[in-house]
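Me: Hi! Could you walk me through this one? I'd like to start with the sheet and then move to the rings.

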Amino acid sequence: MAEPSRILVVDDEPSITDLLSMALRYEGMEVEVSHLGRQALEAMTKFRPHLVVLDVMLPDLSGFEVLERMGRDRIGGRLPVLFLTARDTLDDKLRGFTLGGDDYMTKPFSVEELIVRVRAILRRAHGEGDDGRLNVSDLRMDEESHEVFRGSTSIELTPTEFKLLHYLMLNSGRVVSKSQILDRVWNYDFDGNANVVEIYISYLRKKIDALGPRLIHTVRGVGYSLRPTPE
């Protein structure tokens with residue numbers, strides 16, 4: 001039997017932690033709760049969670065400070081973080097993603113949507129696609145052969161287009177910012193400006209979204225997300 005996912009919920013509102021604990025446990029996950037940032041840092045070592053649901057506005061440390069203190073070399077490898085907060089400004093969202101957050105939800109929120117996002121992050125964290133193949137809806141990528149298909153149709157991509165699509169597929173369901181894309185796809189090593197991201201996104205849309213329901217979505221003011229269009 002597979003080990004249940006361990007989720008650390010960090011929020012100073014008992015009503016939130018009680019609600020999420022009940023919902024996540026109903027989904028078969030183990031849950032630990034912290035109401036302070038420093039408690040959360042201790043729990044990460046003792047509880048060894050697979051994912052942290054993290055509020056930004058905590059009484060002692062901010063969620064951003066907690067994530068910074070976790071550092072890049074976290075227990076058991078990279079520890080995914082989903083921010084859940086009332087702070088909904090663009091600057092806050094960008095800071096959360098820049099620090100390494102995997103997703104960002106604002107309050108009030110849908111418990112059902114949070115569960116979906118938690119499961120999506122856990123799937124990515126557990127290495128879905130480690131066999132060199134990635135799938136999002138009917139879009140398939142084989143990293144070894146450098147082949148991409150939408151349904152049964154083969155799609156020819158340039159090396160940069162392939163690298164961009166690979167990054168989007170690895171982060172399917174998650175919003176990635178232009179700065180994240182520049183860092184991961186171009187490593188800031190190009191002649192031009194951030195508009196290069198928009199240009200290459202448009203190239204991918206012409207090749208991929210023309211073959212079926214839209215997969216590449218723009219999240220205005222934040223970035224881009226590769227995910228199926230809801231029916």
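Me: What is the bridge partner of R6 in β2?
Reply: The partner of R6 is E30. Before going on: this is a predicted model, where local features need pLDDT of at least 70, side-chain atom pairs count only at pLDDT 80 or more, and totals for chains, interfaces and linings use all residues. Residues are numbered from 1 along each chain as its sequence is written, and side-chain values use heavy atoms, with hydrogens and water left out.

Me: Thanks! In what order do the strands of the sheet come?
Reply: The order is β2-β1-β3-β4-β5, an open sheet of 5 strands with parallel pairing. Strands here are DSSP runs (E, at least two residues; helices are H or I, at least four), numbered from the N terminus, and two strands pair if DSSP finds at least two bridges between them. At the edges are β2 (30-34) and β5 (103-106), each pairing on one side only.

Me: How many bridges join β1 to β2?
Reply: There are 5, and β1 covers residues 6-10.

Me: On to rings: how many aromatic pairs are there?
Reply: The structure has 4. Rings of Phe, Tyr and Trp (its six-membered ring) pair if their centres lie within 6.5 Å; planes under 30 degrees apart are stacked, over 60 edge-to-face, the rest tilted. One of the pairs is F64 with F83, edge-to-face at 5.4 Å centre to centre and 65° between the planes.
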